[in-house]
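I opened this notebook to record what I looked up in one structure. The entries follow the order in which I consulted it.

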Amino acid sequence: NELEVRLITDSTNEALKSEGFAHNKLVVAEYQSAGRGRRGRQWVSPIASNLYLSLGWKTQLPVQQLGGLSLVVGLAIVNALKQLGVKDVEVKWPNDIRYQGRKLGGILVELSGDMVGGLNVIIGVGLNVHMASVAADSIDQDWINLQELKPDISRQAVLINVIKQLQSHLEQFSSEGFESFQADWRQVDECFNKKVSILQGDDVINGVGAGVDTNGAFLLQTGKGIKPVYAGEVSLRF
Ligand code: BTN
C-alpha cells in the first residue's frame with residue numbers, strides 16, 4: 001500500500017486521478033490550492049492542521065451499486081470519531097459530516113478513467129480539525145472544527161482511525177452491500193423525520209426525510225407517497 005504525503009497539491013483527488021491511481025494508495029496533503037467539493041464547488045483548504053486525504057479503491061462492484069458508497073464512508077468517519085470520544089456526529093445525505101447542523105467535513109467520491117478489471121474509485125475526505133478562523137469568510141456555510149468538540153484531539157489519531165474504519169467499512173460494503181449498513185445509517189441520519197427540500201435543477205420538492213433504501217437512495221416522504229432521490233445533481237436543504 002502506497003502512502004503519499006504532500007505539503008501542497010491542487011487536490012488530493014486530482015493527484016490520485018492524474019498521477020497514478022492504485023488500489024489502497026493514500027494521498028494526504030497539508031494544503032490544496034484547488035480543493036474541490038461536490039457539485040463543482042470549492043473546498044477551502046488552508047494550511048491549518050486539517051485533514052485532506054484521498055484513498056484509491058478498486059472494486060468489482062457494478063457502478064449501479066456504488067450509490068451507497070459515500071454514506072458508508074460517512075459512517076466510517078462517524079465511527080472513527082466516536083472511538084476518539086467525539087460523539088453525536090451526523091451525516092447529511094449524501095456526503096456532509098455535521099455536528100449540530102454545522103459542517104465538520106465532507107466526502108467526494110469520484111470515478112477515474114480505466115475500467116479494465118474493475119472500477120477505479122477515488123474516495124476524498126476533508127475534515128476540519130483546526131481550521132483557521134481566517135478562512136471563515138470564504139466558507140459559504142456554517143462550519144465547526146473537531147478541536148472545538150475535543151480540544152486535545154490528535155490529528156494523527158483521527159487520520160489513523162479514519163483509515164482503519166474506512167478499510168473495514170469498505171470490506172463490508174464489498175461483501176455485504178449497502179443493505180448491511182442500513183440500520184447503522186438510521187443512527188447518524190441528520191435528515192430523518194425532518195422537513196427537507198430537494199433541489200433538482202429549477203425544481204424544488206418538499207417533504208420529510210424517511211431514511212434511505214437498500215441502495216442508499218434518499219427517501220422523501222411527500223404528499224404523494226415516498227419518492228426515492230438519487231445523489232447525482234440534487235442538493236438537499238432544511
Ligand atoms: C463536499 O462536502 O462537497 C465534499 C468535500 C470533499 C473535500 C475533500 S478534501 C480531500 C479531497 N480532495 C479534494 O479536492 N476534495 C476532497
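**Entry 1: a serine in a loop.** I began with Ser11, which is found in the loop between strand E1 (3–9) and helix H1; helices (H or I, at least four residues) and strands (E, at least two) are DSSP runs, numbered from the N terminus. I noted that the model is predicted: local features need pLDDT of at least 70, side-chain atom pairs count only at pLDDT 80 or more, and totals for chains, interfaces and linings use all residues. Residues are numbered from 1 along each chain as its sequence is written, and side-chain values use heavy atoms, with hydrogens and water left out.

Is Ser11 buried or exposed? I found Ser11 buried, because its relative accessible area is 2% (buried means under 20%, exposed over 50%, partly exposed in between, with a 1.4 Å probe and protein chains only). The side chain of Ser11 reaches the backbone nitrogen of Asn13 at 3.2 Å. Setting aside neighbours within four places in sequence, I listed Gln32, Ala34, Gly35 and Arg36 as in contact with Ser11 (contact means heavy atoms within 4.5 Å).

**Entry 2: the domains.** I looked up the domain assignment of the protein chain, which gives domain 1 (3–188) and domain 2 (195–237); such bounds come from an automatic or database assignment. Their C-alpha centres lie 23 Å apart. I recorded 13 residues of domain 1 in contact with 17 residues of domain 2.

**Entry 3: the largest pocket.** Where does the largest pocket lie? Both domain 1 and domain 2 give residues to its lining, so the pocket lies between them. A pocket is an open set of points on a 1 Å grid over the protein atoms alone, where a 1.4 Å probe fits, with protein on both sides within 12 Å along at least five of seven lines; lining residues have an atom within 4 Å of a point. I noted a volume of about 790 Å³, meaning the space filled by probe spheres set on the points. Of the 41 residues that line this pocket, Arg41, Trp43, Asp96, Lys103 and Gln141 are the closest to its centre. Strand E6 (102–112) is among the elements that each supply at least two lining residues, and E6 gives the largest share, four residues.

**Entry 4: a glutamine in a helix.** Lastly I turned to Gln165, found in helix H4 (residues 155–176). Gln165 is buried, with a relative accessible area of 13%. Its C-alpha atom is separated by 8.7 Å from that of Leu75, 90 residues apart along the chain. Not counting residues up to four places away in sequence, Gln165 touches Ala76, Asn79, Ala80 and Gln83.

Definitions and conventions:
Polar contact = N/O pair within 3.5 Å; in protein donor to acceptor, adjacent residues only side chain to side chain.
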